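This report goes through one model. Please keep the sequence and the 3D view open while reading.

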Amino acid sequence: MRAMKTGLAGLAAMLLLTAAGSAFADPVTVNFLTAEKPETFADAIAQFEKANPDIKVNFETVPFDSMVPTIEARVGGKDSSIDVFLVDTPRVPAMANSGLLAKINDEMDKVKAVANEESQGVLTYKGDLYALPFWSSTQLMYYNKNLFDKAGVAYPSAEQKDRMTYEQTIDMAKKVMAGSGAKYGFVPEQIDRYYQLQPIFEGNGGGSGLTGPDNLTPDVTNDKWIAAGKFYASLFADNIAPRGITDDQMQTTFTSGQDVFYVGGPWQFTNFNSVKDLHYGVAPVPYWKDGKPQTPTDSWGVAISPYAAHPAEALKWAEYITLNAEGLAPIIKQNPIIPVNKDAYPAYIDWIASLDPKIGPDAKKIMTYEIADTAVSRPRSIGYVAFETVMNKAFSDIRNGSDVEATLKQAQQQLTSQLRRIQ
Amino acid sequence: MRKWRNFWVAMIFLLPAILSVVVLRLWPAILALHQSLLAPRATTYSFDNYIYIFTDPVFLNSVWITLFFSIIVNPLQIAVSLGLAVVMNNKLPGTGFWRSLILLPVAIPQSVSAVVWAVAFRPDGLLNSLLAVFGIGPQRYITSPDQSLASIILVVSWIGVGYWMTMLIAGLQDIPKVLYEAATIDGATAWQKFQHVTVPQLRRPLTFVLVADTVANFLVFAPVSILTNGGPQGSTDLIMNEIYTSAFINSDPGSASAATMVLIALVLVIVLIQFRLMSDRGEK
Amino acid sequence: MKEPSGIDRITPRQVFHMAVIVVIGLTFLLPLYWLTLSSVRPEDDIFRYLNPFSLWTFIPNRLTFDNIVNLWTGVFARAIFNSLFVAIVTVVAGLAVCAPAAFALAAIEFPGRAIVFTAMIVSFLIPFDAIAVPLFYLMRGFNLQNTYTGLILPGLGNGLTVFLLRQFFLGIPKDLSEAAQLDGMGWFGIFWRIYLPLSTPALISAGLIMFIFQWQAYLWPLLIAPSNDMKVAPVALAQFSTEYHVSFGLIFAGAMFLSLIPMVILVGFQQYFTSSVAATGSKE
């Protein structure tokens, strides 16, 4: 009897100790990799850790150009040093195909609850869900009011029904340039990048550049593409946009007051607002007369590594910053990028509108409309990266004056052989 | 048996270096070779990757551009470094400071130098505004297929000549003064002294500088990647840029490794040729 | 064109010579001066005054130290420490690897010496950037990511250093070691007590080469040590160009410091650099 009592007591003690032990277990660390500054996520992480004392989030950042190589090296090397990371949504098919993203089909319903259809599309591949919706993007056309005043030209309208065509925009730009002495008339921000130029090349009905059942057949030499290419070339040949300035330095043409129109993202608001004497307005981006208005969209999504050491906790963090408006709030404050989550969107857009009471309401109107009605994602294909790399080089050559048809033909050839290698 | 005892002692001295050569160079190189023989999604060896790159006009262009670049940049940099060495080889006050300044670009990360030069090359940048002062119209530099390679040569030379200049100054300081005094007695001019005393005496350091510079120029990458990305129209697409693009952007380790093997082979062949040509006196 | 040393009066020829030196020096100084200038002026001013050339291109009309303050209150402080630590340890450990190897290859007669030397130099000709990726997988297998060891290792074995040190050691008269051996001293003693003390300038210059190599390294540190507290300075600088905004003020401020530190070292040590490499020239 005595022995059994002692035994039971011992067992009970052991059980209690184990239970106590697990309550005081070491917190699980979730490694989170992005290309953003630490400040962007610091508050969200603090908030999350407070609500989940048994999880710590370890934030790592690498430069933007190194995100993909880093993920390939580390996740591709099957090591568990990354649990959660931001994924550039056009790359989801290729990365899913290479086994770099964990399948998260159970989250599908939650995703449908917060994201619109266009945004859902970029998170899946062959019917499976691989990423959670995080950020999106859109474009506006900023214009320099000082230059318009000097030239005596009326401001363009912020109403989408008065959206100008490319022809009208360039004519207006030329007029303002002549009247104000501005150096540049129409400057796209991410110059020579497919993301920025997609509306110019696809918007007149030329197709995205990739066709076929898996979007693995290049189609960049049709008439519409050549016409778009000639338009793009003319911007530089006629000195309306500069050659030789890299895309990260493009905004300096606008902030230095030398450019009439600037097509860029809403992330420029804080930048432009900080420049003294820069009075600017916003209008919707132009469109092709015979085409439909189209805007670039999408940005980063959140994915989980298939080799994550702690997949459950990793998912918790990923959900927190995507499906949970509360988790998104501190991030939005730090980095004004559009959240896909429609519950978090109102707080975001109102904050944008409040930045500058003069143009805020216009910006809100334009952005909300574009995201809902004119956003077109980049083509979904496992060959997207090769496509984008080759096309960006082709755009750069066209910008620098090479023959449009010859350049596009060469790109077509190169793409055909490269995409064949991927299949 | 002294020699064999010496052998083992020497091996102890050499051990750390041999280890680092094997682990940090040979082993990864073998891995790269292995990678180059595996076509995408293949599990057996084949030459597919090599066939792919040798039928790829882009890769072939990069080999051609690299060779063309090499033929121009190497003699140019040697000549400039030698000239600089001659000018900077003296004990005038402040020379040490200026020499350090010329050497400094070597120590600055190339990504930084490239950003500064990007600003200089802008159509509204410093170079054009300087030219405007002299009444010369704006140049296109890295956006013109005709000027871009020359621009890269300029950047790479600004970064590198200090290094070679320093080595050549050392070589100059080694030349026995008696030789110059003898030449002066014979009535030689400065140019003749240069031709008949300086250059022959500099043979060893010049060989070394030529070989090292050639190798370095085969590996040029950062300025191309940041300033031109190989363009316009592939006119600056040096081979390291293609390797990087294949490996890190196209995620095609097979063709990247194959191209790396080709690069290594090219470097070795050219270095061997240079050694043969310049050291008939017998390199030690 | 060697100026006679120790002459006190300044000749017109010397004045002209100095003028040439200053002009050349200035062309190298200009980009660095512009860099420094850009880091103490507000960001939009940097690009506003590029063109046309004006007084404000080179003299700031508005000064601000915000860029510098913001730079140092961020990750950069830690990154500079990392860069310095890695570079200094690389020099010390690198000399410990290369000097003995160079000694063995220069002073000890052993069978196969020529082959070992050639093999070693040729292996170091394998371009580092090209084998960086397989090397990365290798190191990761040993869990060396985000460690100082991972950052330092590739800098230890340096073919140029071995080559130069060997050249220098070859210049030390053999009689010294022969006499020592007759007195019963072993190779280690000869190395430690005879060759090393005579080699201070060569060691300093070899150290400088390795320091420079590590200081400007970018691709390798990016791969092996991306975490915030292990980043080296050039990688940390790249952080200031995010997708949405490039903080040029911060980048230029960081670039200025990245250039200042090696500049100080180079100016301080450059006399050793030239005088040491001197001994590797045409000694025999």
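## Salt bridges and burial

A:D362 counts as partly exposed because its relative accessibility is 24%. Partly exposed is the class between buried (under 20% relative accessible area) and exposed (over 50%), with a 1.4 Å probe and protein chains only as cover. The model is predicted: local features need pLDDT of at least 70, side-chain atom pairs count only at pLDDT 80 or more, and totals for chains, interfaces and linings use all residues. Residues are numbered from 1 along each chain as its sequence is written, chains are lettered from A and ligands numbered from 1 in the order in which they are written, and side-chain values use heavy atoms, with hydrogens and water left out.

A:D362 has a charged partner. Its side chain meets that of A:K365 in a salt bridge, at 3.8 Å from N to O. A salt bridge here is a side-chain nitrogen of Lys or Arg within 4 Å of a carboxyl oxygen of Asp or Glu. Both residues lie in helix 16 (residues 360-373) of chain A, three residues apart, which is about one turn of the helix. Helices are DSSP runs (H or I, at least four residues), as are strands (E, at least two), numbered from the N terminus. A:K365 has a relative accessible area of 38%, so A:K365 is partly exposed as well.

Over all chains, the structure holds 18 salt bridges. Three of them are set out here.

| A:D88 | A:R91 | 2.9 Å |

What is the burial state of B:D124 and B:R122? Both are buried. Shared partners also link salt bridges into one network of A:D88, A:R91 and A:E388. Of these, A:D88 and A:R91 are buried.

## A contact point between chains

B:R122 also turns up beside chain A. Leaving aside neighbours within four places in sequence, A:T252 is in contact (heavy atoms within 4.5 Å) with B:R122, C:F47 and C:F248. A:T252 lies in helix 11 (residues 251-255) of chain A. Its relative accessibility is 5%, so A:T252 counts as buried.

## Chain B

Chain B has 13 helices and zero strands. Its C-alpha trace spans about 75 × 75 × 30 Å along the principal axes. Of the 284 residues in chain B, 57% are buried. Among contacts in chain B with a separation of 6 or more, 67% join residues 24 or more positions apart.

Helix 4 (residues 95-103) of chain B is mostly covered, with eight of its nine residues buried. Among the buried ones are B:W98, B:R99 and B:L101.

Chain B exposes about 12100 Å², and carbon and sulfur atoms supply 71% of that area. Accessible areas come from the Shrake-Rupley method with a 1.4 Å probe; for residues, only the protein chains shown count as cover.

Part of the surface is a nonpolar patch. B:L15, B:L19, B:V22, B:V23 and B:L26 form it, with about 400 Å² of accessible area together. Patch residues have over 30% relative accessible area and no salt bridge; like charges are joined within 9 Å, and nonpolar side chains (Val, Leu, Ile, Met, Phe, Trp, Tyr) within 5 Å. B:V22 lies in helix 1 (residues 2-36) of chain B. Its relative accessibility is 39%, so B:V22 counts as partly exposed.
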